[in-house]
Amino acid sequence: MTQQVPSVSVNYAANGSSTKSNELGMREMQEGAYEKRGEQYLLIKSPPASGKSRALMFIALDKLHNQGLRQAIVVVPEKSIGSSFNDEPLSKYGFWADWTVQPRWNLCNAPGGDDGKVGAVGKFLASDDKILVCTHATFRFAVDKFGIEAFDDRLIAVDEFHHVSANPDNKLGTHLGALVARDKVHLVAMTGSYFRGDAEAVLSPEDEAKFDTFTYTYYQQLNGYKYLKTLDIGYFFYSGSYADDILKVLDPTEKTILHIPNVNSRESTKDKHREVEHIIDALGDWQGADPITGFQLVKTPDERFLRIADLVDDEPSKRDKVSAALKDSTQKNNRDHVDIIIALGMAKEGFDWIWCEHALTVGYRASLTEIVQIIGRATRDAEGKTRARFTNLIAEPDAAAEAVTESVNDTLKAIAASLLMEQVLAPRFNFTPKTVKSGPVEGFDYGEGGYDPNKENVGFSEASGQFQIEIKGLVEPKSKEAKRICQEDLNEVITAFVQDKTTIERGLFDEELVPEELTQVRMGKIVGARFPELDAEDQEAVRQHAVAALNLTQKAKEIALSNRDDTETTGNTALIDGVRKFAMDVRELDIDLIDRINPFGEAYSILAKTMSEESLRQVQAVISAKKVQLSPDEARDLAKRAVKFKQERGRLPSITSPDPWEKKMAEGVAYLARMKQEAANG
């Protein structure tokens with residue numbers, strides 16, 4: 001039996017602002033990015049389908065015509081994405097120049113392997129032509145062959161920047177680090193993923209600090225669409241074979257991209273072709289294949305005909321025909337061209353099918369970047385498409401299975417991914433400390449009654465999709481880098497936190513947990529390891545901002561869910577109202593109160609409602625069996641918090657205190673004292 005985990009359906013105003021163009025032919029996101037065109041190093045973070053490719057065209061043309069750069073080189077991860085940078089008559093829409101790439105310099109369309117293309121890069125560098133498009137691989141080989149210096153005075157624009165890593169084994173990351181160190185190029189980096197590099201940093205902290213960041217959020221994008229108003233994100237548990245239960249989540253009336261599991265994954269039956277046949281058979285009676293498109297034709301029990309694109313078939317002639325039919329530009333606006341796409345490794349990054357209403361993924365995806373990219377397939381705006389959803393279909397942990405630990409890990413990872421997507425879809429949080437000098441910020445709505453000088457206030461700006469939230473006792477970031485992290489990269493910090501296995505295990509299943517062990521100690525450790533260059537006060541500021549963003553989203557979700565039954569649509573102010581209601585319901589919105597919230601509490605309550613009791617017990621047992629005692633490292637972290645406690649209260653924490661967090665800090669101090677005594681005694 002398949003079950004749905006209810007998550008907040010995020011509703012948007014659909015006010016059309018993100019799709020309207022200004023007098024230069026720029027949409028809202030492109031206009032914002034263009035304002036930063038003078039930056040030497042620019043990082044653009046913006047969702048799939050928001051118009052990053054065209055934003056780069058505007059910026060590159062300005063750098064070539066007005067900033068003295070000799071050439072622009074656009075670097076994409078794979079050949080198919082090169083088409084995003086084909087010629088565009090920008091002057092037709094009001095811009096002062098057109099984007100033109102001579103056919104010989106769009107190396108994504110050129111025949112042959114990278115060897116010949118590397119030679120072509122050399123010829124381009126020696127020419128007077130202005131724009132070249134190539135793959136990441138071609139660019140890497142070209143830098144190896146011609147050296148960093150050959151690219152002086154040029155713009156290097158890297159699309160899908162999350163493919164880059166600061167890991168020394170990542171050649172593109174190494175080359176970009178060297179280009180930044182030489183400081184003779186302009187770099188524009190673009191990513192549609194909010195988890196750049198997943199567990200690995202994309203750039204070193206020193207290099208990243210040189211970049212100016214432009215962020216356009218999912219909230220801004222979807223709020224400004226014309227048609228799409230609701231995005232649902234959920235995960236479902238199933239037992240047995242997923243192919244038997246697929247129709248419980250796959251609605252044949254919805255335009256769907258179905259990603260079947262990797263053949264090496266737990267969910268796979270190890271026969272991908274049979275899985276596809278099983279799915280097609282479940283949908284209806286097969287009528288043959290369309291001779292022109294190669295799509296499978298299926299007659300459903302209610303006499304409708306489905307056109308199904310099978311991208312799993314390995315036979316080159318069949319798959320190439322189907323792939324070409326999906327890319328047919330004359331069919332882009334034809335809603336009836338195809339109904340369901342079944343894929344394994346394809347139809348993710350850069351795949352554009354505006355009619356997709358449901359991205360259904362079987363099996364846990366290890367990369368958060370991949371999940372964001374898959375969700376991006378469904379978040380295109382199209383006439384008549386008012387709702388879209390992403391579903392992750394996951395096998396329930398089976399008590400009898402040998403791989404129970406692996407299945408528990410997959411469950412935890414799916415919950416982490418869901419928490420992070422909720423964070424990505426929320427408006428941006430700006431936190432400020434509540435002081436006697438605090439006052440309302442222009443452009444923010446403070447709700448019924450307006451701004452209250454005697455209380456912590458929650459303001460919201462519909463135009464910018466941002467919260468302005470006052471928190472008593474909040475530490476403000478001091479350095480430029482700490483301010484940048486608090487403004488731009490809180491989701492990066494939250495990603496590291498909820499992906500930390502010990503953190504999520506304890507947060508969900510440790511009944512004796514004191515929340516501050518996670519919010520203060522674990523989060524503090526993660527921030528310290530991630531940003532060692534920040535001083536202790538700035539690290540604490542980043543920690544507090546990240547915890548506040550995560551916990552306020554979770555409390556708002558809890559309030560939104562408690563205010564409706566599971567079938568009712570959430571109003572597009574649910575999250576905003578939830579944050580505001582939480583701030584009003586507490587005596588004071590202070591950082592200590594926020595630290596006392598278990599970030600995983602609401603996720604557990606959802607799991608408890610939806611996973612079978614037997615499976616939940618099994619998960620609990622697996623995690624409880626791994627319970628470990630206090631470690632020296634944890635004791636030291638607790639002792640540091642105890643020192644802070646003493647500075648604030650004038651005394652050390654008491655081991656007999658009724659407050660569980662004070663008692664826990666005292667245990668850390670006592671543990672270190674015992675270690676010291678034992679060392680002294682030899």
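This is a predicted model: local features need pLDDT of at least 70, side-chain atom pairs count only at pLDDT 80 or more; totals for chains, interfaces and linings use all residues.
Where does Asp183 sit in the chain? Its place is the loop between helix 5 (171-182) and strand 7 (186-191). Helices here are DSSP runs of H or I with at least four residues, strands are runs of E with at least two, and both are numbered from the N terminus.

Residues are numbered from 1 along each chain as its sequence is written, and side-chain values use heavy atoms, with hydrogens and water left out.

Okay, back to Asp183. Most residues other than glycine have a negative phi. Asp183 isn't a glycine, yet its phi is positive, about 65 degrees. With a relative accessible area of 40%, Asp183 is partly exposed; on this scale buried means under 20%, exposed means over 50%, and partly exposed is in between, using a 1.4 Å probe and protein chains only. Asp153 also has a positive phi of about 65 degrees without being a glycine. You'll find Asp153 in the loop between helix 4 (136-146) and strand 6 (154-158), and its relative accessibility is 36%, so it counts as partly exposed.

Strand 11 (residues 285-289) pairs with strand 12 (residues 296-299) in the antiparallel sense, over four bridges. Look at Gly288: its bridge partner in strand 12 is Leu297. The hairpin of strand 11 and strand 12 has six residues between the strands, and Gly294 there takes a positive phi near 80 degrees.

On to strand 13 (residues 305-310), which pairs with strand 12, antiparallel, over four bridges. Here Gln296 has Ile308 as its bridge partner in strand 13. Strand 12 and strand 13 make a hairpin with five residues between them, and Glu303 in that turn has a positive phi of about 70 degrees.

Now the open sheet of three strands, order 17-19-18, with mixed pairing. Strand 17 (428-433) and strand 18 (458-461) are the edges, each pairing on one side only. Neighbouring strands are turned by 20 degrees against each other on average, direction ignored.

Strand 17 pairs with strand 19 (residues 466-471) in the parallel sense, over six bridges. Within that pairing, Phe431 stands opposite Ile469, and Thr432 has Glu470 as its bridge partner. Five of the six residues of strand 17 are buried, so this strand is largely enclosed by the rest of the structure. Helix 18 (residues 574-585) lies across strands 17, 18 and 19, and runs at about 165 degrees to strand 18.

Phe431 turns up again in the aromatics: ring pairs link Tyr219, Phe429, Phe431, Phe460 and Phe467 into a cluster. Rings of Phe, Tyr and Trp (its six-membered ring) pair if their centres lie within 6.5 Å, with planes under 30 degrees apart called stacked, over 60 edge-to-face and the rest tilted. That rule gives 14 aromatic pairs. One of them is Tyr34 with Phe95, edge-to-face, with 6.0 Å centre to centre and 80 degrees between the planes. Tyr34 is in helix 1 (residues 28-34) and Phe95 in the loop between strand 4 (71-76) and helix 3 (114-126), 61 residues apart. Both Tyr34 and Phe95 are buried.

Last stop: helix 14 (residues 490-498) against helix 17 (residues 536-562). They pack at about 80 degrees, axes 9 Å apart. Helix 14 and helix 17 are therefore roughly perpendicular; the classes are under 35 degrees for roughly parallel, over 145 for roughly antiparallel, 65 to 115 for roughly perpendicular, and oblique for the rest. Contact here means heavy atoms within 4.5 Å. Helix 14 brings Leu490, Val493, Ile494, Phe497 and Val498, and helix 17 brings Val542, His545, Ala546, Ala549 and Leu550.

Notes: Axes are lines fitted to C-alpha atoms, for helices over the stretch in contact, and angles run from 0 to 180 degrees between N-to-C directions. Two strands pair if DSSP finds at least two bridges between them.
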